[in-house]
Amino acid sequence: MSTEDNLDIEAVKQKLDNDHYGLEKVKQRILEYLAVRKLKNDMRGPILCFVGPPGVGKTSLGRSIANALGRNFVRISLGGVRDEAEIRGHRRTYIGALPGRIIQGIKRAGSNNPVFMLDEIDKVGTDFRGDPSSALLEVLDPEQNYTFSDHYLEVAFDLTKVMFIATANIQDTIIPALRDRMEIIEIPSYIVEEKLGIAEKFLVPKQIKEHGLTPEQIEFTEEALRTIISSYTREAGVRNLERQIAAICRGVAREVAGGEDKKTVIASKNVSNYLGPVKFYSEFAERIDEPGIVTGLAWTPMGGDILFIEASKMPGKGNLTLTGQLGDVMKESARAALSYIRAKSKELGLEENFQEKIDIHIHVPAGAIPKDGPSAGVTMFTALLSVLTERKVRNDIAMTGEITMRGKILPVGGIKEKMLAAHRAGIKTIILPERNKADVSEIPETVKKEMKFIYVKNMNDIIKRAFNNRKNGKQTEVREEAVEAEMVAE
Ligand SMILES: Nc1ncnc2c1ncn2[C@@H]1O[C@H](COP(=O)(O)OP(=O)(O)O)[C@@H](O)[C@H]1O
Ligand SMILES: [Mg+2]
């Protein structure tokens, strides 16, 4: 059974606009994709893949598309699927055999032409039990999927009418053969102003309604929403924001049910009555209160994030210890940074062989999150130099960049998400590699105009810009001179 398609591009545009704030470029790309399908009069072709951090609206866009087209909507998660049988089903000779997830999904949809969302396509795995990707390739390949074979069904199933949409947090881990079949649409994280718009136009009205309240009983001020965004959530998307709004609505619903009949206005000062004490502080400025602590920027599948690197020294015999769930790449960055400092000890104002009498410990807090990637090289270097020279790093900056043993700074990925994360955390000045200059143009204008970017080419640029120029209140002229001398030498 098929449902009737309504491929009216204008109607789809209306629907997408009615359900989603902003996302202009994303909506545009979706409409173009559908327009092409309409002109060719056929749903075959590359499949759409929405890539972005959690809570930016990937699922919700898929649902809107289905609604607008008049199609049913189903969603399955491919996260952690390692076995071909999960996609293609088991033969009936197995006890407890079932069809695979694709056919189960079609069954649930109740039509043979649903919008079928394949969530977490970046997390499909392979191991000894088999490789699900070849089955997925067959699902997504328009040349093959008119005869998709599920082991349980035994007869070939025609998937050509299905509109598949995949979602992923990151592009890099999508199996290349699958990625070749996709048209990737990136959905970036939201800035505060966008979150505010989404909350006012969508999340608040939706939650008020879902809790059986009316706008006569509860109102959120803009200032309250800003407080929730900055002090109760720290995320790329709006999922926790929606949860916090729901929690407040729950609290108010209880008061109303308990007989209170006045209107509750949620303002910034009574947010904590419902949500408890503030969960996130702009802590970075206070944290950088002694030498050895530096704010870095990391990129994760959840979006960008800030991280602190803490270096300390103690009497010892030249050991370097690294803790905080660091990956190999990050450990190598730390060693490279230390080697560079040792090689340049004289210019940097350090005793020759300074490391022989001390042990150094580098720790990257923030819990159990495994951290890796080369982009913390400059942060490691700065933390080490800071603790060794006993100079504090400026507490209003964050940095990212890879380093070489020769003291050059190499460009890194994820600049846009990192800058948005810094902005979220209230950090306005960023040190980043000169060669990442072009990536800065992708940052939304409203964010960019509030930030200052310091581009660096080599370690000396960092030394000049990252440190407080005072040591115990005295100007550290000697070192500045040393740096100048080296700059000339290069
Ligand atoms: N631009 C937007 N406008 C309106 N609501 C949004 C927007 N982006 C996300 N949301 C809402 O945020 C919530 C989480 O979105 P969801 O689609 O589940 O995110 P994802 O699938 O990307 O993790 C949903 O309630 C969704 O409707
Ligand atoms: Mg989703």
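1. Let's start with the shell around ligand 1. By class, this shell has seven nonpolar, seven polar and three charged residues. Please keep in mind that you are looking at a predicted model.

2. Which residues come closest to ligand 1? Of the 17 residues that surround ligand 1, the closest are Tyr 21, Gly 57, Lys 58, Thr 59 and Ser 60. Two or more shell residues come from each of helix H3 (58-69), helix H8 (192-210) and helix H10 (239-257). H3 gives the largest share, three residues.

3. Domain 1 (9-186) and domain 2 (192-275) each supply at least three residues to the shell around ligand 1.

4. Where is the kink in H8 centred? You will find it at Ala 199, with a bend of about 50°. Ala 199 is also among the buried residues of H8, together with Lys 195, Ile 198, Leu 203, Val 204, Gln 207 and Ile 208. The cover over the buried residues of H8 includes strand E8 (218-220), helix H9 (222-232) and H10. H10, like H8, also gives residues to the ligand 1 shell.

5. Follow the chain past H8 and you come to Gly 212, which has a positive phi, near 70°.

6. Finally, step back to the whole protein. Its 490 residues, 39% of them buried, include 18 helices and 20 strands. The C-alpha trace spans about 80 × 60 × 45 Å along its principal axes. Among contacts between residues at least 6 apart in sequence, 78% join residues at least 24 apart.

Conventions: Residues are numbered from 1 along each chain as its sequence is written. Chains are lettered from A and ligands numbered from 1 in the order in which they are written. This is a predicted model: local features need pLDDT of at least 70, side-chain atom pairs count only at pLDDT 80 or more; totals for chains, interfaces and linings use all residues. Helices (H or I, at least four residues) and strands (E, at least two) are DSSP runs, numbered from the N terminus. A residue is buried if 20 or more other C-beta atoms lie within 10 Å of its own, exposed if 12 or fewer, and partly exposed in between; C-beta atoms are placed from the backbone. Two residues are in contact if their C-beta atoms, placed from the backbone, lie within 7 Å. A residue is near a molecule or strand if its C-beta atom, placed from the backbone, lies within 6 Å of it. Ala, Val, Leu, Ile, Met, Phe, Trp, Tyr, Cys and Pro count as nonpolar, Asp, Glu, Lys and Arg as charged, and the others, Gly among them, as polar. Domain bounds come from an automatic or database domain assignment. The bend at a residue is the angle between axes fitted to the seven residues ending there and the seven starting there.
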